[in-house]
Amino acid sequence: MLDRLLFKYIGNAKKYIIVSILLMMLKVVGSFLIALSFGEFIRALFSAAAIEAGRILLLFLAGFALRSGSLYLVTRYQTRITGEVKTTLRTEMIEKAMRIGPAYLNYTSTSKMINMGSDTIEQLENYYGRFLPQFFGSFGMSLVSFFVLLSINAKTALLFLILAPIIPLMLKLILEKVGRKQKKYWASYMDVGQLFLDSLQGMTTLKIFSADEKRAEEIHDKSEKFRIETMNILRMQLNSITVIEWIAYGSAVALIAFGLSNLSFAVQNIASMVVWVFMSIESFRPMATLISSFHVAMTGVAAGKNLIDFFALPEEDDSHKNEIEKSDKGISVRDLSFSYPDSERKVLDGIDADFAAGGFTAVVGASGSGKSTLARVLAGQLDCGDESVFWSGNPYETYKKQSITENMIRISHDAHVFERTIRENLLMGKPGASDEELIEALRTVQLYDEVKPRGGLDLEIKSGASNLSGGQRQRLVLARALLHDAELYIFDEATSNIDVESEAIILDVMEKMSQDNIVILVSHRLYAGKNARKIYVLDKGRLVEKGSFKELIGKDGIYNRMWESQKRFEEGAAI
């Protein structure tokens, strides 16, 4: 019932749970005082003694204040528990992703990350906020009830000790079955969520290829499966709650009957009888409440398994490793081979190459040749698993991952622009930059004059940067990268699908950057890399040619054939 791994992330919420337990125990004391006030009042009615109205009213008010005040504060503390835990989990999730770096996408998908950060953590709210306080509180409340009953009759108090553990034992018995059902339920929920998100992102593509009806059928089928799993869960919950309630009320009736049979029906015992009946019913209520919170919590536990698996992803303590520093040697790769997980095919096979400042380096090749994979390895986004990539002559493994991530900037054709102002997007590159520095970066990429009439730095970027052209978006990404001042810049198909003017601007800025920084251009368009200091040609994961444009065009090799082919295509398109 208690998940050790989930309990690990409870953080400062532990103190709120302890306070909640104490408040629940005070609630039982309040119930006892209310029962005692009624008992004293009824006893006074059957006796010749005068009714002590002040004392009885004081007992009632004290009990009412304790009971209602405890309930109110428990609700408040449960809110604090959930707020504290959700903050802890989301912070840990972000920090984990940062520690792993972009390579986390090798282990999970973006849609799963979105689900974990939203729905999964929201589901865990019930586990931390309702179940944990109720679980521990039930035992605390039962302990107080036991001492109240013990003060009235020892034998029947012992009977309570026998009957009280039945409900937790029942929960233990159904736990395995509940776990299996909840796991299937949550897996079905995740399937629907991921398919819906994927469909939403690809809505335009589905419409273009008239595949929306087929996708709608897929969503319907998965939704129906989810509905069936939901009904199975609800049916199981209803049946178990009904059984537990029968056990709780049956135990209460047995306790009342046994207790009253051990108390003689006399005026002096009337107060004890009233308290006994009231407390017998009250004693089993916490355990009955526990079963309802148990089912809701188990949904959260099933959901939380994905989050725990993510937290358990491998990482290493690299605090003892070095920071990336400026180097004349730059990057080199030696006998670099790489295969993606669960695949034996070598995407890169025995690559040897050097990348330094003083002019940019181009990596070219046909689609599927391994260009982008090499770019991601150089940027530290893929781990090649051995000492094959070197910075300043030292393997990447000797440097901190965060330092590699910050100093190896990969600018892709789909680099993300956030739904914020241009200023906020640029400040991610250099948090302390002044407006003058931001404007200068925009001017460098010839973007400032285009956005100035629309608000300049305060222009709000819409979702997917839909209010910018493709070329403007790429130039904004480049301006942000320039502000960051990294050691290595990799332009991975960064000029694909943009206008000619923007491409020319980006290539010009790139060439200027390459005088002081290491710049690598990865492109299938050979024209873009024509001015490179050195060109590496990849084919099916292997390095087949290298040299300057003049050297490569003079050979009868792959590069020359690709150049002639692209030249004929572009001439034909121009006609």
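In this predicted model, helix α15 (residues 470-484) packs against helix α16 (residues 500-513) at an angle of about 15 degrees, and their axes are 9 Å apart. With angles under 35 degrees counting as roughly parallel, α15 is therefore roughly parallel to α16. The crossing of α15 past α16 is left-handed. On the α15 side, the contact draws on Gly-471, Gln-472, Gln-474, Arg-475, Leu-478 and Leu-482; α16 answers with Ser-502, Ile-505, Ile-506, Val-509 and Met-513. Sorted by class, the residues where α15 meets α16 come out as six nonpolar, four polar and one charged.

Helix α5 (residues 154-163) and helix α8 (residues 212-261) sit with their axes 9 Å apart, at an angle of about 165 degrees. Angles over 145 degrees count as roughly antiparallel, so that label applies to α5 and α8. Here α5 goes past α8 in a right-handed crossing. The residues that α5 brings to the contact are Lys-155, Thr-156, Leu-159, Phe-160 and Leu-163, and they meet Ser-251, Ala-254, Leu-255, Phe-258 and Gly-259 of α8. The tally for α5 with α8 is six nonpolar, three polar and one charged residues.

Turning to the strands, six of them form an open sheet in the order β6-β7-β8-β3-β9-β10, and the pairing is mixed. β6 (408-412) and β10 (542-547) are the edge strands, each pairing on one side only. On average, neighbouring strands in this sheet are turned by 20 degrees against each other, direction ignored.

β8 runs parallel to β3 (residues 361-365), and four bridges join the two. Val-363 is placed opposite Val-522 of β8, while Val-364 has Ser-523 as its bridge partner in that strand. Over on the other neighbour, β7 (residues 488-492) is also parallel to β8, with five bridges between them. There, Ile-490 stands opposite Ile-520 of β8.

How much of β8 is buried? Six of the six residues are, so β8 is largely enclosed by the rest of the structure. In a regular strand, side chains alternate between the two faces of the sheet. In β8, both faces are covered: Ile-518, Ile-520 and Val-522 are buried on one side, and Val-519, Leu-521 and Ser-523 are buried on the other.

Most residues other than glycine have a negative phi. Asp-335 is not a glycine, yet its phi is positive, at about 50 degrees. Asp-335 is part of strand β1 (residues 331-338), and at 52% relative accessibility it counts as exposed, the cut-off being over 50%. Ser-392 also has a positive phi, near 55 degrees, and is likewise a residue other than glycine. Ser-392 is found in the loop between β4 (389-391) and β5 (394-395). Is Ser-392 buried, partly exposed or exposed? With a relative accessible area of 23%, Ser-392 is partly exposed, because the cut-off for buried is under 20%.

Technical notes:
Residues are numbered from 1 along each chain as its sequence is written. This is a predicted model: local features need pLDDT of at least 70, side-chain atom pairs count only at pLDDT 80 or more; totals for chains, interfaces and linings use all residues. Side-chain values use heavy atoms; hydrogens and water are left out. Axes are lines fitted to C-alpha atoms, for helices over the stretch in contact, and angles run from 0 to 180 degrees between N-to-C directions. Angles under 35 degrees count as roughly parallel, over 145 as roughly antiparallel, 65 to 115 as roughly perpendicular and the rest as oblique. A crossing is left-handed if the near helix is turned anticlockwise from the far one by less than a right angle, and right-handed if clockwise. Contact means heavy atoms within 4.5 Å. Ala, Val, Leu, Ile, Met, Phe, Trp, Tyr, Cys and Pro count as nonpolar, Asp, Glu, Lys and Arg as charged, and the others, Gly among them, as polar. Two strands pair if DSSP finds at least two bridges between them. Buried means under 20% relative accessible area, exposed over 50%, partly exposed in between (1.4 Å probe, protein chains only).
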